[in-house]
Amino acid sequence: MMFLIHLERGITRFSNFLGVICTLMFIALLFNVFYDVLMRYAFNNVSIAMQELEWHLYSAIFLLGIPYGIQHGGHVRVDLIYENLSIRGKAWTDLFGCIVFLIPFTLLVGYYGVGFAYESYALGETSGDPGGLAHRWIIKGVIPLAFFCMTISGIGMILRCINALRGVSEEGFSHPPIQH
Amino acid sequence: MIGIIMFFVALFLLLLGFPVAFTFGGVALIFGVLAEGFDMFAFMPFRIQSYMENTVLMAVPLFVFMGIVLQKTRLAEQLLEAMGKLFGSVRGGLAISTVLVGALLAASTGVVGASVVAMGLISLPVMLKYNYSKSLACGTICASGTLGQIIPPSIILIILGDVLGIPVGDLFQAAFFPGIILIGCYIVYILILTFLKPEMAPAMPQELDNETRTQQIIAALKAIIPPLALVLVVLGSIFTGIATPTESSALGGIGAIVLALIYRQFSWKMLYDSGLEAVKVTAMVFAILLGATAFSMVFSYTGGDEIVEEVLLNLPGEKWGFIILAMIAILVLGFFIDFVEIAFIIVPILAPVAELLGINMVWFAILIAMNLQTSFLTPPFGFSLFYLKGVAPSSVRTTDIYKGVTPFILIQVLVLASIMIFPAFYGMG
Amino acid sequence: AEKVYKLTMAETWSSNFPIFGDAPRNMARIAEEMSAGRLKINIDSANKHKAPLGIFDLVRSGQYDMGHSASYYWKGKVPNTLYFTTMPFGMITPEQYGWFYHGGGMELMQKVYEPFGLMSFPGGNTGNQMGGWFKKEINTLDDLKGLKMRIPGFAGEVLAKLGANPTNIASGELYTALERNTIDALEWVGPSLDLRMGFHKIAPYYYTGWHEPATELQFLVNKRAWDKLPADLQQILSTSMKLASYDMYIQSYHESAENWATMQQEYPDIKVKTFPQDILVAMKNANQELLDESAAKDPLAKEILDSQAAYMKKARVWTNISDRAYLDSVDSLAE
Ligand code: NA
Ligand code: NA
């Protein structure tokens, strides 16, 4: 069953890649806002496109950050019971949660997100404000993209549970990859 | 009825321990699809877009980043330690410092998620390091993080101003004094608690090696000045109009990087790591918001709104009975409905009655805001609790947080009651 | 019993937004009463659907049967929708209603919306909107250069041409932004809705309007939902929409008069200003250039703009010898 382990690692690498993208976008956001404040205050110069870029970046960060967080155990649990469970117990809980909650939810929202972004593409939607950004479909398209990435991260979580339940690997339960 | 059943099912399923965000989403999906079919979820992209375009929430990643940089460079730790030392042998100094720093942060953002998470990053590790009781540490952080609701600028006051048709400036002004009183009560509570139970908050160890009190104060000031300067940059940029409150959070982030440079703690790796952590924490906060928006969508589209409306329309038509029951209703609803929903759905139902009864609307708005602040703290759905859990080390248990916030909830209720009974004292007679 | 038709409607406004939100509720009430309960319209506000600027999509896809919004919000999706709300230096409300109902405006609006399976109807008018609140006086074109103003949409483009900086500020932060000079000016509506925003407390100059002389809201109807209604209910619905629109115009007029009196009472120092002639000329020229560009790009845009210009030319002559002449002559008596 090395295949499942490889697949799980492949999905982890994919999520890490999302983490890199989001981090770079975050640093861009930081300087984007700083630049806008500086230009407005010091040079009386406002660019609506740069102002819109702020929310484009910020929303892409949180949307694509969610699948990264799934892979790295970053999402909050009410762990009154969970923290006392054995690894097998945790794996069963996560397996149940992924199959019943996470995967159907992300797939369904992703599905409707495709239509949402496609509408925008078909209309050639742009910003309604002077000098705003064109191609609104790109940022709208991040919604389905992010939700399908969440599905993929959810599959990674399922594999992790299966590997743990079969006794192949307890990666991801004994040592959550990132800690604060 | 579906909404109410869904609420209790979610409550039960949350206890399983699967991530909160997707438990909300999944439960919403099951109930939504059973009641109305799949197509209801075609609304989800629109709801998500409303968060995407809500630039006020941009303060979350930016303040989180500032908090992480201050934590990584140990500047926050030095600040809190120095402030704690200034309290000398008085116990609870770190907790009081946390309340004060939380109040400053509250004055620069109205987004609770941003300040709870930033405070959790900045001061939780320090309090734990000095053997504070976990529950006191968590309670203090959650409570001071929610101060952002009442201390201007505040999102809830802006929304209430809009809903009740009161100028926002008037509300900001009226909220200021109750906010100060609340801060004072937190501090008094910490002093009394640590006096009665010294083991919960040990005094900072005093270096005995010939350091005079004066030297100590000078050392403390040295440690306080840089992060304080940062806070002043953030607040100052708002007050001078250089930046909007949201933008000021980016100035805070850039300022933290500058401090790191000055203290020779900067590296590209540090910048990258801080960014990555900010992304992860931000994703945690927004995942909860997205799960909750699916939940409230199903709640309202399956007739939950109407049930709530019916209950509220049957409140008594006499001033004190109305006020007290309205406050209890908001408090209870705050357990499971988002404060924005309450402001938009419930307040408009109450407002005309309040007006009819000749109630001072500014006063009424402040009561509601104080009340909604409490809804962030109430287990099991209080968002502050989730946010803090998301950044706390794994040694901090959910029960520590629940236990810790309980006394602060009581304090808030007491302050709320005092505003109800003595409006004149708060300048709203 | 007779069949009851139920329609759902999404509005751009939040649940108790005055005047704008009253119009669709008034419409629904009239429709239900006229149809003796056979036509019921259920309104969801933005707090419920969370898509204030998604009404176009929601009605188009059939998620809602109807919407209440404003046509110029869809400019980014369908550029020609811009022309059916109000235009800078355009018609005033009675003139514009004349154009809609008797001057070919409705037909042109249908031409724009038809390809999307939508029908659009006038949805209530705010009357002439004010030019906005300014922290400093605008005396020369130089004063406009670098002026940071919250003024969205097409009017923002006009000002941008003159060197001003249209700025995006979240509406929740507008008051603070103006108070602390993050921006120098903003436009909202007029006294009817400006009073509760409190801008009069923080900005001394209230400029008279030029950019939204007759802001018309909009009822959107999904064509499939419309076709399902029997002919008599279609007639009842369109009559209700027309009546509710007229009612809103009156209500806006009334509330503006009332609230302006309140503002002046509380703050007698508000200085009402009109932009100097040369600035207005420059604005008008910039406006015309932008319109010419749009007309050159799209034949339908040209058709709409030509129709509006021709109608206004005719109607304004009448306005001048009727209302304007009357007001001028009565005012001269007062002196
Ligand atoms: Na605040
Ligand atoms: Na306007």
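Helices (H or I, at least four residues) and strands (E, at least two) are DSSP runs, numbered from the N terminus. The structure is a predicted model, in which local features need pLDDT of at least 70 and side-chain atom pairs count only at pLDDT 80 or more, whereas totals for chains, interfaces and linings use all residues. Residues are numbered from 1 along each chain as its sequence is written, chains are lettered from A and ligands numbered from 1 in the order in which they are written, and side-chain values use heavy atoms, with hydrogens and water left out.

In chain A, the span 95-118 is 100% helix and 0% strand, and its end C-alpha atoms lie 33 Å apart. Residues 12-35 of chain A are likewise 100% helix and 0% strand, with 35 Å between the end C-alpha atoms. An unreviewed UniProt entry assigns the feature "transmembrane region" to residues 12-35, 55-74, 95-118 and 138-159 of this chain; such annotations may be inferred rather than shown by experiment, and the feature names are shortened.

Chain A meets chain B through 63 residues of chain A and 70 residues of chain B, contact meaning heavy atoms within 4.5 Å. About 6200 Å² is buried between the two chains, 78% of it on carbon and sulfur atoms; buried area is the accessible area (1.4 Å probe) that two parts lose on being put together, summed over both. Three salt bridges cross this interface, each defined as a side-chain nitrogen of Lys or Arg within 4 Å of a carboxyl oxygen of Asp or Glu. B:Arg397 and A:Glu83 form a salt bridge through their side chains (3.4 Å, N to O). Helix 13 of chain B gives the largest share of the side of chain B that touches chain A, 17 residues.

Between chain B and chain C, the contact involves 32 residues from chain B and 26 residues from chain C. The buried area is about 2500 Å², with 53% from carbon and sulfur atoms. B:Phe43, B:Phe46 and B:Phe344 supply 21% of the area that chain B buries here, more than any other three residues. One salt bridge is found across this interface; the side chains of B:Asp170 and C:Lys201 meet in a salt bridge at 3.0 Å, N to O.

C:Gln129 and C:Trp188 are both buried, that is, under 20% relative accessible area (1.4 Å probe, protein chains only).

Notes
Buried < 20%, exposed > 50% of the residue type's maximum accessible area, 1.4 Å probe, protein only.
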